[in-house]
Amino acid sequence: VVALARPQLGSKSETVKREGIELMVAMDISNSMLSDDVKPNRLARAKAIVSRIIDKLDNNKIGLVFFAGDAYVQLPITGDMISAKMFLDNASPDLIQVQGTQLEQ
């Protein structure tokens with residue numbers, strides 16, 4: 001049975017050259033982003049824009065930082081665009097207890 005699996009010993013190292021960008025997006029998810037001065041609201045508009053950017057990031061990487069009163073790396077730099085979309089879709093002010101945007105910190 002083991003012979004049918006064709007086990008092999010050793011390892012082979014291969015250098016792969018890859019070109020692309022690594023984009024880190026910082027998104028304000030404070031309560032003020034629920035303001036409807038833009039339709040449907042600021043947060044939904046920002047999420048739609050970042051979603052379109054993610055759709056165009058072939059062979060590139062993205063990371064997400066969400067902030068309000070505090071900032072948190074929600075998604076480290078990754079090439080996994082499905083996960084990026086999932087984290088983006090779940091962005092809401094409820095994720096951060098300390099509200100209020102203080103950019104100087």
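This is a predicted model: local features need pLDDT of at least 70, side-chain atom pairs count only at pLDDT 80 or more; totals for chains, interfaces and linings use all residues.
Me: Which side chain does R42 meet in a salt bridge?

Reply: The partner of R42 is D37, and the N to O distance in their salt bridge is 2.9 Å. D37 has a relative accessible area of 52%, so it is classed as exposed.

Me: How many salt bridges does a search of the whole structure find?

Reply: The search returns 3 salt bridges. Another is formed by D36 and K39, with the closest N and O atoms 3.9 Å apart. The cut-off for a salt bridge is 4 Å, so the D36 and K39 pair at 3.9 Å is counted. D36 is partly exposed at 48% relative accessibility, while K39 is exposed at 57%.

Me: Which residue's side chain meets that of D55 in a salt bridge?

Reply: D55 is bridged to K85, with 2.7 Å from N to O. D55 belongs to helix α2 and K85 to helix α3, so this pair ties together parts that are 30 residues apart in sequence. Both residues are partly exposed: D55 has a relative accessible area of 48%, and K85 has 22%.

Me: Where is the cis peptide bond, and what is omega there?

Reply: Most peptide bonds are trans. Here K39 and P40 are joined by a cis peptide bond with omega of about -5 degrees. P40 sits in the loop between β1 and α2.

Me: What is phi of N59?

Reply: Most residues other than glycine have a negative phi. N59 has a positive value, near 60 degrees, and is not glycine. N59 lies in the loop between α2 and β2 and is exposed, with 56% relative accessibility.

Me: How many bridges join strand β2 to strand β3?

Reply: There are 5 bridges between β2 (residues 61-67) and β3 (residues 71-78), and the two strands run antiparallel. A hairpin of 3 residues connects β2 to β3. Within the pairing, L64 is opposite L75 in β3.

Me: Which residues touch the most other members of the largest nonpolar core?

Reply: In soluble globular proteins, nonpolar side chains tend to be buried together. The largest nonpolar core here has 19 residues, and those touching the most other members are M27, I29, V50, I54, I62, L64 and F66. At least two core residues come from each of β1 (22-28), α2 (42-55), β2 and α3 (81-89). The largest share is that of α2, with 4 residues.

Me: What does L64 touch, not counting residues up to four places away in sequence?

Reply: The contacts of L64 are M24, V25, V50, Y72, V73, Q74, L75, A84, F87 and L88. V50 from this list is also among the residues that touch the most other core members, and L75 is the residue opposite L64 in β3.

Me: Which residues form a nonpolar patch on the surface?

Reply: The patch consists of M24, V73 and I77, which together have about 250 Å² of accessible area. I77 belongs to strand β3, and its relative accessible area of 35% makes it partly exposed. A patch residue needs over 30% relative accessible area, so I77 at 35% passes that cut-off.

Definitions and conventions:
Residues are numbered from 1 along each chain as its sequence is written. Side-chain values use heavy atoms; hydrogens and water are left out. Two strands pair if DSSP finds at least two bridges between them. A nonpolar core is a set of buried Ala, Val, Leu, Ile, Met, Phe, Trp, Tyr and Cys residues joined through side-chain atoms within 4.5 Å. Buried means under 20% relative accessible area, exposed over 50%, partly exposed in between (1.4 Å probe, protein chains only). Contact means heavy atoms within 4.5 Å. Patches are made of residues with over 30% relative accessible area and no salt bridge: like charges are joined within 9 Å, nonpolar side chains (Val, Leu, Ile, Met, Phe, Trp, Tyr) within 5 Å. Accessible areas come from the Shrake-Rupley method with a 1.4 Å probe; for residues, only the protein chains shown count as cover.
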